[in-house]
Amino acid sequence: MPYKKIIPLINTEGEISTNVISLAKKYSDSGADELLIYNFSKDDNSKEEFIKLAKKIARVVDIPFIAGCHTDNFDDIKKVIYTGASGIMLSYSLLNKPDLIKYASERFGKNKIYLEAQQSAVMESDEIFEQCIKLGIGTLIINHTDTSEAFKTQLAKSPSPVIICDSLQKNDIRSLLDIPNVAGITTDFFRDKDILKAKHALKDENIAVNVFESKLPFSEFKLNEDGLIPVIAQDYKTGEVLMLAYMNEEAYNRTITEGRMTYYSRSRKCLWLKGETSGHFQYVKALYIDCDRDTLLAKVRQTGPACHTGNKSCFYTDLLDNEYKEYEPYRILQNVYNVIMDRRQNPKEGSYTNYLFDKGIDKILKKCGEEAAEIIIAAKNQNTDELRYEIADFLYHLMVLMAENGLDWEDIASELADRK
């Protein structure tokens, strides 16, 4: 079911990068559906700094973000999209370059093209809607001032979804989200407010918003003799098991409502918000129950260490460690990449990896090209054993190239995830 989005906006102009990143992470963890970041300064230095900032934000948030900056050409648009942004907000003035917008839409897809417009421009005529269709603009972002019936009637004509940009100082978010063609609200209103709390209030008024909801009532869980259910907390990215704790019904309901893991402390006999004292919160990404309905698995984003000892995981003491071959694909790729990075930072005599780094980018590119050719030959020969070997060779050299250019598997995985 489509839901209405709450999209915090951040004007990065004149802001310290670390503060912007911290705010973006806070929004991402506290229930925002997307982000809108922008800086329309026209000088090249501001643009480059914004691009760097957008790349950093892409690595730390788990929600899509739209990025807007001054763009003159396709290369500018490409740089913004390549930061990892889910879309680019174009200035209304760029309608003077229709061929540029149309080409960008054809290249990246209209779902990545957003156009900023003032309410007055929308109210003047239907021409802007026709331009959206013609140029491949996927979404209109309208700077809003009032909620007149004439405005609502005009919005109904838009062939594209609309996001309203509003401070929410004069207008009520409910009345804005209730407009059928409005897909979401972008605002700085929630900078110091609880987004999830606001969403639950909107849901109570039958406005479709994205909130955590349990698919099973707690009464269907099988509890132990103390009326508790064990919960395994797992890092949502790496799959690493972090800790084991327990929940009662109140802890479970609070976890769902607030989006942070809340447990029941058996020793203190009270609710325990993980991180309340240490600041090492666990933000919920997903909850599962096992086949017997007597154990929960929580996939979380852990801030800081999970264990009170300062270790990332509570399971850090080896009892038995039999050697075995690792088969988990992502972990294998990450382990090989880690070795490559270690060679880069701590050169080892006789290392082939260090030989490639010493020879530089041209040698690395030459090897990537050679290995790609070997893959083609093996595939043409329909020799799967040879093909497997050559693909592994290529991936190794590709990782050396990634390391040389400051990319890692998280960058690649994030890019692929945005395309799903």
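Q: Which residues of α14 are buried?
A: Buried means under 20% relative accessible area, with exposed over 50% and partly exposed in between (1.4 Å probe, protein chains only). This is a predicted model, where local features need pLDDT of at least 70, side-chain atom pairs count only at pLDDT 80 or more, and totals for chains, interfaces and linings use all residues. Residues are numbered from 1 along each chain as its sequence is written, and side-chain values use heavy atoms, leaving out hydrogens and water. For α14, the buried set is E390, Y396, H397, M399, V400, L401, M402 and A403.

Q: Which helices do the buried residues of α14 pack against?
A: Helices here are DSSP runs (H or I, at least four residues), numbered from the N terminus. Contact means heavy atoms within 4.5 Å. The partners of the buried α14 residues are α11 (329-345), α12 (352-359), α13 (361-380) and α15 (409-418).

Q: How far apart are the end C-alpha atoms of helix α14?
A: The expected span is 1.5 Å times one less than the number of residues. With 21 residues (384-404), α14 should span 30 Å, and the model agrees, because its end C-alpha atoms are apart by 30 Å.

Q: How many disulfides does a search of the whole structure find?
A: A disulfide is a pair of cysteine sulfur atoms within 2.5 Å. The search of the whole structure comes up with 0.

Q: Which cysteine has the sulfur closest to that of C132?
A: C132 is buried, because its relative accessibility is 2%. Its closest cysteine sulfur is 16 Å away, so too far for a bond, and belongs to C165.

Key:
Helix = DSSP H or I, 4+ residues; strand = E, 2+ residues; numbered from the N terminus.
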